[in-house]
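Hi,

Here is the structure I promised to pass on.

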Amino acid sequence: ERAAAIVAGELGAVQKLEALLRTWSEHVSSHPGLFHFLFNEFAVQMLLKTDSETKEADAIGRLATIVSQGIAEGVFRQVDAEQYAILMFGAVREMAEKLLATRDEFPVEHMVATSLDFSLHGLGANLDTQDTQKGVGT
């Protein structure tokens with residue numbers, strides 16, 4: 001599978017993240033009707049729940065591996081790689097679902113660029129890490 005080869009390959013973490021996002025986006029783009037059906041039909045989701053959960057766990061594991069690599073390379077900040085992977089996977093899946101519902105053509109480049117920007121830059125503008133943690137849990 002392409003995704004597994006990306007994770008196991010020689011690329012740096014940022015390049016792997018981009019390649020993985022592109023692979024997923026191209027896959028959705030090549031089968032938009034199927035994904036639209038799967039995203040929107042609750043009965044189908046329930047029938048495929050076990051298989052879907054396995055594939056989701058694989059995807060999250062791949063993302064977590066890339067995040068861990070990026071932390072080790074010093075290109076990503078210290079985070080819980082698995083929690084981040086869960087958040088990122090959910091965001092990418094939700095964005096794909098919305099794009100499929102509102103567009104005639106699935107915009108692969110837009111999906112990759114937006115997901116990568118979100119992943120690498122987030123929302124903060126010149127925020128100190130301490131500023132982002134003020135008030136958390138209080």
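This is a predicted model: local features need pLDDT of at least 70, side-chain atom pairs count only at pLDDT 80 or more; totals for chains, interfaces and linings use all residues.

Residues are numbered from 1 along each chain as its sequence is written, and side-chain values use heavy atoms, with hydrogens and water left out.

**The whole chain**

You'll find eight helices and zero strands. Both kinds of element are DSSP runs numbered from the N terminus (helices: H or I, at least four residues; strands: E, at least two). Of the 138 residues, 32% are buried, meaning under 20% relative accessible area with a 1.4 Å probe, protein chains only (exposed is over 50%, partly exposed in between).

**α2 and α6**

The axes of these two helices come within 11 Å and cross at roughly 30 degrees. An axis here is a line fitted to C-alpha atoms over the stretch in contact, and angles run from 0 to 180 degrees between N-to-C directions. α2 and α6 are therefore roughly parallel (under 35 degrees; over 145 is roughly antiparallel, 65 to 115 roughly perpendicular, the rest oblique). Leu21, Trp24 and Val28 in α2 meet Met88, Phe89, Val92 and Leu100 in α6, where contact means heavy atoms within 4.5 Å. Those residues divide into seven nonpolar, no polar and no charged (nonpolar: Ala, Val, Leu, Ile, Met, Phe, Trp, Tyr, Cys and Pro; charged: Asp, Glu, Lys and Arg; polar: the others, Gly among them).

**An aromatic pair**

Which way do the rings of Trp24 and Phe89 face each other? First, the rule: rings of Phe, Tyr and Trp (its six-membered ring) pair if their centres lie within 6.5 Å, and planes under 30 degrees apart count as stacked, over 60 as edge-to-face and the rest as tilted. That gives one aromatic pair. The ring centres of Trp24 and Phe89 are 5.9 Å apart with planes at 90 degrees, so the pair is edge-to-face. Trp24 sits in α2 (residues 13-30) and Phe89 in α6 (residues 81-102), 65 residues apart, so to speak linking distant parts of the chain. Both Trp24 and Phe89 are buried.

**α6 and α7**

α6 also packs with α7 (residues 108-121): their axes come within 11 Å and cross at roughly 150 degrees. α6 and α7 are therefore roughly antiparallel to each other. The residues of this contact divide into nine nonpolar, four polar and no charged.

Cheers
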